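Visitor: I am new to this structure and would like to learn how to read it, feature by feature. Could we look at it together?

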Amino acid sequence: MPSKGLVKCAPVLWLVLALGALAGEDRLLNGFNTEQDIKLWEWSSTTPELATEHVTEGGHCVKVTFDGSKNDYPGFSIKQAELLSDWDKYDLLEVDVFNPGDKPVSIGIRIDDDQTRVGGEDEYSTWFNAGWKALPGKN
C-alpha cells in the first residue's frame with residue numbers, strides 16, 4: 001500500500017496467494033490465473049489485471065496497480081467467504097509479491113472471522129493484523 005501523501009507514480013505489485021499447513025495439506029488460495037479468479041475479490045483504489053510476468057504458479061498472476069488516491073486502505077478483500085471459511089488447519093499464509101519499483105511498498109494484511117462483527121460493532125481482538133515492506137524485486 002502506498003504511504004499517505006503525494007504519490008507521483010502508482011506502485012504496481014504482482015500477487016499469488018497460498019495457504020500452508022505445517023503438518024500436511026497445502027492449499028492454493030488463489031493463483032489469479034483467470035478473470036474469474038480476479039472477480040472473487042473486491043478491489044479498492046486499485047486496478048487488477050491478468051499478467052504473465054513474474055508468475056510463480058500456473059500461467060498467470062494478477063498485476064495490481066494502485067491508483068494513488070487518498071484512500072487510507074487501498075487493496076483488495078475476499079468476496080466469497082467460503083473460499084476462506086476455515087483457517088484452523090492452516091499455520092501460515094504465503095503471498096508471492098513482486099515489486100517492480102525501486103522503493104519498498106508497505107503491505108498490510110487483516111484477516112477477520114465470524115466473531116469480528118458482533119452486534120454491528122468490530123471486535124478488534126479477533127482480527128489478525130500484520131504488515132511488511134515489499135522490497136524491490138521478488139519477495
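Visitor: Which residues form one aromatic cluster?

Guide: Rings of Phe, Tyr and Trp (its six-membered ring) pair if their centres lie within 6.5 Å, and planes under 30 degrees apart count as stacked, over 60 as edge-to-face and the rest as tilted. Here Phe32, Trp41, Trp43 and Phe76 form one aromatic cluster. Please keep in mind that this is a predicted model, in which local features need pLDDT of at least 70 and side-chain atom pairs count only at pLDDT 80 or more, while totals for chains, interfaces and linings use all residues. Residues are numbered from 1 along each chain as its sequence is written, and side-chain values use heavy atoms, with hydrogens and water left out.

Visitor: How many aromatic pairs does a search of the whole structure find?

Guide: A pair of aromatic rings is described by the distance of the centres and the angle of the planes. The search of the whole structure gives five aromatic pairs. One of them joins Trp43 and Phe76, a tilted pair with 4.8 Å from centre to centre and 35° between the planes. This pair links distant parts of the chain, since Trp43 belongs to strand 3 (residues 41-44) and Phe76 to strand 6 (residues 75-78), 33 residues apart.

Visitor: Why does Phe76 count as partly exposed?

Guide: Buried means under 20% relative accessible area, exposed over 50%, and partly exposed in between (1.4 Å probe, protein chains only). Phe76 counts as partly exposed because its relative accessibility is 30%. Phe32, by contrast, is buried, with a relative accessible area of 0%.

Visitor: Where is Phe32 placed, and what is its phi?

Guide: Helices (H or I, at least four residues) and strands (E, at least two) are DSSP runs, numbered from the N terminus. Phe32 sits in the loop between strand 2 and helix 1 (35-39), and it has a positive phi of about 55° although it is not a glycine. Ser45 also has a positive phi of about 55° without being a glycine, and its place is in the loop between strand 3 and strand 4 (46-51).

Visitor: Which polar atoms lie close to the backbone of Phe32?

Guide: A polar contact is a pair of N or O atoms within 3.5 Å; within protein, one must be able to donate a hydrogen and the other to accept it, and residues adjacent in sequence count only if both atoms are side-chain atoms. The backbone nitrogen of Phe32 lies 2.7 Å from a polar atom of the Asn30 side chain, and the backbone oxygen of Asp37 lies 3.2 Å from a polar atom of that Asn30 side chain. Asn30 itself belongs to strand 2 (residues 26-30) and is buried, with a relative accessible area of 3%.

Visitor: Which residues make up the largest nonpolar core?

Guide: A nonpolar core is a set of buried Ala, Val, Leu, Ile, Met, Phe, Trp, Tyr and Cys residues joined through side-chain atoms within 4.5 Å. The largest one has eight residues, namely Leu29, Phe32, Ile38, Leu40, Trp41, Val62, Val64 and Phe66. Its largest share, three residues, comes from strand 5 (residues 61-66).
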